[in-house]
Amino acid sequence: MEETELQNELASIRSIMERSSKFISLSGLSGILAGVYALVGAGIAYKIISDVTSKFDAVIGNLRLRDPDVSVGVVYGGESVLVEKLFIIALIVLIASITTAIILSNRQAKKKAQPMWGAVSRQLMFHMSVPLVTGGALIIILLLHGYYGIVSAVSLIFYGLALFSASNFTFGEVKYLGICEIILGLIAACLPGHGLLFWALGFGVLHIIYGARIYFKYDK
Amino acid sequence: MNISFDKLDKAFENRVRLQIMSVLAANERYDFNSLKDLLNITDGNLASHLKALEKEEYITVHKSFLGRKPNTNYEATDKGKKAFKDHLNTLEQLIKQQKLA
């Protein structure tokens, strides 16, 4: 055996150990795009909220003119329509992000000779799904009880936990993204009323930063 | 210090066997189909190399059923892990030696 042959042997061992235990086909580009979708979604949500609030203020103002003691609860019906609209926006952002991630990772997997649906990606999905499903169920429960203010913080925290728990099966960067999402979620929980801003930071800005890092480090 | 190629484990002379051991060193367990997909080889080829490693007592087999489908998992034994580590060390030393020469 020649020196280069020995080194090839070691390199192939290292590569197969990595490919067998870590899903290295996550695409950085899909992270960037998911961030962009989230920012667009947050922008539309902001527009809807400010439209509704200005109408809401106008209605309250009119009612107050007639009866100064009118309570906010009178126009409560407007809130559930708003929540429904925001929920649909969030759902569209989620579906668009997942679809992009699957398509682009599939392309990466072919490039890196790693099965898209193998032992590692199954582990990754499993470890991600436990915190994610828990968080999703909790959010639905909170929405049903009308605790709208905390939903953004809860979604960031559980998404962060999901990333943290899945990070053993992919790039180490995912672990730090998870920790950042958790911290951001906790800050959001301390500052009620700024949910949309933190949501845009966590799902938009952080994804773009993370995606760019993965893209330049591994996508090539 | 002079290390000869004889010190390399004969069981790992074959590339596929070395690759199987690499996977089992990095993962607690791995199933037959995932191994096949990862290494991109045929059923028969993989099975014969797994048999050889099993005969050396480098790996153990766990058979179970997932629904009705048989699911076979493989795990490296302590003996196998040690042999793999020694093999890697020898490879490394051979490279160092050739660099000095």
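Two strands are said to pair if DSSP finds at least two bridges between them, and helices (H or I, at least four residues) and strands (E, at least two) are DSSP runs, numbered from the N terminus. The structure described here is a predicted model, in which local features need pLDDT of at least 70 and side-chain atom pairs count only at pLDDT 80 or more, whereas totals for chains, interfaces and linings use all residues. Residues are numbered from 1 along each chain as its sequence is written, while chains are lettered from A and ligands numbered from 1 in the order in which they are written.

With these terms in place, the secondary structure of chain B comes to 4 helices and 3 strands, and from the N terminus on its elements follow the order α-β-α-α-β-β-α. Taken along the principal axes, the C-alpha atoms of chain B fill a box of roughly 60 × 25 × 20 Å. Of the 101 residues in chain B, 26% are buried, a residue being buried if 20 or more other C-beta atoms lie within 10 Å of its own, exposed if 12 or fewer, and partly exposed in between, with C-beta atoms placed from the backbone. Two residues are in contact if their C-beta atoms, placed from the backbone, lie within 7 Å; among the contacts in chain B between residues at least 6 apart in sequence, 56% join residues at least 24 apart.

The 3 strands of chain B form an open sheet in the order S1-S3-S2, with antiparallel pairing. Its edge strands are S1 and strand S2 (59-66) of chain B, each of which pairs on one side only. In general, strands of a sheet pair through backbone hydrogen bonds, either parallel or antiparallel. S2(B) and S3(B) pair in the antiparallel sense over 8 bridges, and Thr60(B) stands opposite Glu75(B) in S3(B). The hairpin of S2(B) and S3(B) has 2 residues between the strands, and in this hairpin Gly67(B) takes a positive phi near 70 degrees. S1(B) and strand S3 (residues 69-76) of chain B are joined in the antiparallel sense over 2 bridges, and Asp31(B) stands opposite Asn73(B) in S3(B).

Helix H1(B) lies across S1, S2 and S3 of chain B, running at about 85 degrees to S3(B); axes are lines fitted to C-alpha atoms, for helices over the stretch in contact, and angles run from 0 to 180 degrees between N-to-C directions. H1(B) also packs with H2(B) at an angle of about 120 degrees, the two axes being 11 Å apart. H1(B) and H2(B) are therefore oblique to each other, on a scale in which angles under 35 degrees count as roughly parallel, over 145 as roughly antiparallel, 65 to 115 as roughly perpendicular and the rest as oblique. The crossing of H1(B) and H2(B) is right-handed, where a crossing is left-handed if the near helix is turned anticlockwise from the far one by less than a right angle, and right-handed if clockwise. In this contact, Val16(B), Gln19(B), Ile20(B) and Val23(B) of H1(B) meet Leu35(B), Leu38(B) and Leu39(B) of H2(B). The residues involved divide into 6 nonpolar, 1 polar and no charged, with Ala, Val, Leu, Ile, Met, Phe, Trp, Tyr, Cys and Pro counted as nonpolar, Asp, Glu, Lys and Arg as charged, and the others, Gly among them, as polar.

The contact between the chains takes 17 residues from chain B and 15 residues from chain A. The elements that give two or more residues to the side of chain B that touches chain A are helix H1 (15-26), strand S1 (30-31), helix H2 (32-39) and helix H4 (78-100) of chain B. H1(B) gives the most to this side, with 6 residues, and the residues of the side as a whole divide into 10 nonpolar, 5 polar and 2 charged.

In chain A, the axes of helix H6 (residues 173-190) and helix H7 (residues 195-219) come within 10 Å and cross at roughly 165 degrees, and H6(A) and H7(A) are therefore roughly antiparallel to each other. H6(A) passes H7(A) in a right-handed crossing. The residues of their contact divide into 10 nonpolar, 3 polar and 3 charged.

Elsewhere in chain A, Gly135(A) lies in helix H4 (residues 119-144) and is buried, with 20 other C-beta atoms within 10 Å. Gly135(A) and Phe158(A) are 23 residues apart in sequence and 5.3 Å apart in space, C-alpha to C-alpha.
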